[in-house]
Amino acid sequence: MTEPRGPVDSSRVPRFAGPATFARLPRLDEVARADVAVVGVPFDAGVSYRPGARFGPAAVREASRLLRPYHPGLDVSPFATQQVADAGDIAVNPFDIGEAIETIQHAAGSLQADGTRLVTIGGDHTVALPLLRAAARRYGPVAVLHFDAHLDTWDTYFGAEHTHGTPFRRAVEEGILDTSALSHVGTRGPLYGKQDLTEDQKLGFGIITSADVYRRGADEVADQLRQRIGDRPLYISIDIDCLDPAHAPGTGTPEAGGLTSRELLEILRGLAGCRLVGADVVEVAPAYDHAEITSVAASHVAYDLISLLALQENGERAEERLPAADRGRRP
């Protein structure tokens, strides 16, 4: 196996210098292939309130300059055990949502064609639908773990079927999700009516509110999620507004009473061992941010997702080294 090419050496090039790829990693065109590709989708034509998430990918990359190569919480060096590269941005039509969705789906499918897993930086949450389509085409219907202040399972806004508040309803309708393993985490705030919860439940989602996380703790929540997910292929979609505005002010639809960044990261770390096939971090709107608070949080969330993929890669390689009769067994 070729030694992975990691980030630029910060002892030779200061962190504030050089191109702002994610975590100062090589570009995708600088490596033979990538196990994980970080790709941006600068698109926010689907927002219902404050725009600006089209600038999210650039802001998250800039904030990621301070990330370091060893993750002590998970005891893994995510850039040393797998090749991670920055695939740049998917250029989408900002005036035609339908065309943008098709472009994202095609680009994501192409990037995954050789087995590369994607960690996508948005952009608004509309982008989750084409990313889920691409994941399901490769892995079959996927379990979804959706961190968000909102359900994002509404039917339409102003008659539009594709917005940042509708991707998961469309995904269920299209049959690309495993409806036995769908969860929202971090939801809170006012709804249009009680029927929002009833309709969401009919689609197959379970809900863990931000208050549930506060009362029960990250470890118990992560354990419940692991049991629900099982061995299914898992897609994690993280709207940064799952965090309280104190931890993520730079977002389009903030709601009081959210998760702390520590709670979100600890829940993610508790998912080690799940079969993660892709993920996104969306809705960072830097125009409303202060001192890069939101962008820093999002960059660390993406880093933890990449670290989970590294643990998974290590486990898959260890499995390959076992005798055939022992593969697939769990302690």
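Q: I am new to this structure. Which charged residue is buried yet has no salt bridge, with aspartate 9 as the nearest side chain of opposite charge?

A: Welcome! That is arginine 24, which is buried and has no salt bridge, since aspartate 9 lies 7.0 Å away and a salt bridge needs the atoms within 4 Å. Do keep in mind that this is a predicted model.

Q: Where is glutamate 255, and which side chain of opposite charge is nearest to it?

A: Glutamate 255 is in the loop between β7 and α8. Glutamate 255 is also buried without a salt bridge, and its nearest side chain of opposite charge is arginine 188, 6.1 Å away. The side chain of glutamate 255 does make a polar contact with the side chain of histidine 150, at 2.8 Å. Among the other residues that glutamate 255 touches are Ala149, Gly189, Pro190 and Pro245.

Q: Let us turn to helices. How should I read the buried residues of α2?

A: Start with the general idea: an α-helix has 3.6 residues a turn, so residues three or four places apart point the same way. Now look at α2, residues 97-112, where the buried residues are Ala100, Ile101, Ile104, Gln105, Ala107, Ala108 and Gln112. These buried residues pack against β1, β3, α3 and β8.

Q: What span does α2 reach, and what happens at its start?

A: The 16 residues of α2 reach 22 Å from the first C-alpha to the last, close to the 22 Å expected at 1.5 Å a residue. At the start of α2, a side-chain oxygen of aspartate 96 comes to within 3.1 Å of the backbone nitrogen of glycine 98.

Q: Which way do the residues of β3 point?

A: In a regular strand the side chains alternate between the two faces of the sheet. In β3, Arg117, Val119 and Ile121 point one way, while Leu118, Thr120 and Gly122 point the other way. Six of the six residues of β3 are buried.

Q: Which strands does β3 pair with, and in what sense?

A: β3 runs parallel to β1, joined by six bridges, and pairs with β8 in the parallel sense over four bridges. To find the pairings by eye, look for valine 41 opposite glycine 122 in β3, and for leucine 118 opposite glycine 278 in β8.

Q: What kind of peptide bond joins glycine 122 and glycine 123?

A: Most residues other than glycine have a negative phi, and most peptide bonds are trans. The bond between glycine 122 and glycine 123 is cis, with omega of about 20°. Glycine 123 lies in the loop between β3 and α3.

Q: And which residues have a positive phi although they are not glycine?

A: Two to look at are phenylalanine 158, with a phi of about 50°, and glutamate 283, with a phi of about 70°. Phenylalanine 158 is in the loop between β4 and α4, and glutamate 283 is in the loop between β8 and α9.

Q: Are these two buried or exposed?

A: Phenylalanine 158 is exposed, because its relative accessible area is 92%. Glutamate 283 counts as buried, because its relative accessibility is 3%.

Note on methods
Residues numbered from 1 in each chain as written. Predicted model: local features only at pLDDT ≥ 70, side-chain atom pairs only at ≥ 80, totals over all residues. Heavy atoms only, no water. Buried < 20%, exposed > 50% of the residue type's maximum accessible area, 1.4 Å probe, protein only. Lys, Arg positive; Asp, Glu negative; His and termini not counted. Helix = DSSP H or I, 4+ residues; strand = E, 2+ residues; numbered from the N terminus. Expected span 1.5 Å × (residues − 1). Contact = heavy atoms within 4.5 Å. Polar contact = N/O pair within 3.5 Å; in protein donor to acceptor, adjacent residues only side chain to side chain. Pairing = 2+ DSSP bridges.
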